[in-house]
Amino acid sequence: MICRLLSVFTLLLIFSSCTKSIEKSPERFFFRSLGANKTGLQFENRLKPTPVFNMFKYMYFYNGAGVGAGDFNNDGRIDLFFSANQSANRLYLNEGGFHFNDVTDVCGIKFDQGWSTGVSVVDINHDGWLDIYVCRVSGIETLTGANELWINKGLKDGIPHFEK
């Protein structure tokens, strides 16, 4: 009898402590998703397996590629570099207010069909500008290429310019 009363009391305590449902109180969340229309981030690391190259041929096929974060233009805001497996790596400059501008096509970073597996951000030559080191896969199945070190040469029209 005491066990039943204790069980009923515990259930009542649990259910009475519940307040609003999560759907009705989104203000309780610390994070919220911001879409591409708000952020300007249009990057997607979409993978397309083929009969010649897939996870059976390369077991790390779905491991992803990585993101590097750093202030590439020295404006005090953290910019983002997305590396990709089957598409171009992208550099986004932070404009503030959670909005980013894709400057890949004008910053000197070229796409050579390589399979990126990761990225590191470092001022390798100690010149005050963050450089980008991209790890690549080569010599496995159809993958060719080499790791890339992109040296930040400073700003051109407010955009960092990179050279290999």
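Search the whole structure and you find 7 salt bridges, a salt bridge being a side-chain nitrogen of Lys or Arg within 4 Å of a carboxyl oxygen of Asp or Glu. Keep in mind that this is a predicted model, where local features need pLDDT of at least 70, side-chain atom pairs count only at pLDDT 80 or more, and totals for chains, interfaces and linings use all residues. Residues are numbered from 1 along each chain as its sequence is written, and side-chain values use heavy atoms, with hydrogens and water left out.

Let's start with Arg136. Its side chain meets that of Asp112 in a salt bridge, 2.7 Å from N to O. Arg136 lies in strand S6 and Asp112 in the loop between strand S4 (99–102) and S5, so this pair ties together parts that are 24 residues apart in sequence. Strands here are DSSP runs (E, at least two residues), numbered from the N terminus. Arg136 also meets Glu148 in a salt bridge, at 2.9 Å from N to O. Both Arg136 and Glu148 are buried, whereas Asp112 is partly exposed, with a relative accessible area of 40%. Buried means under 20% relative accessible area, exposed over 50%, and partly exposed in between (1.4 Å probe, protein chains only).

Now for the strands themselves. S6 pairs with strand S7 (residues 148–156) in the antiparallel sense over 3 bridges; for two strands to pair, DSSP has to find at least two bridges between them. Across from Tyr133 stands Leu149 in S7. S7 and S8 run antiparallel too, joined by 4 bridges. Their hairpin has 2 residues between the strands, and Asp157 there takes a positive phi near 55 degrees.

Next, the inside. The largest nonpolar core has 13 residues, and those touching the most other members are Phe81, Leu91, Cys107, Ile109, Ile132 and Phe162. Such a core is a set of buried Ala, Val, Leu, Ile, Met, Phe, Trp, Tyr and Cys residues joined through side-chain atoms within 4.5 Å. A second, separate core of 7 residues includes Leu47, Phe53, Val137 and Leu143.

Finally, have a look at Asp123, in the loop between strand S5 (115–122) and strand S6 (131–137). The side chain of Asp123 does reach the backbone nitrogen of Gly128, at 2.8 Å.

Definitions and conventions:
A polar contact is a pair of N or O atoms within 3.5 Å; within protein, one must be able to donate a hydrogen and the other to accept it, and residues adjacent in sequence count only if both atoms are side-chain atoms.
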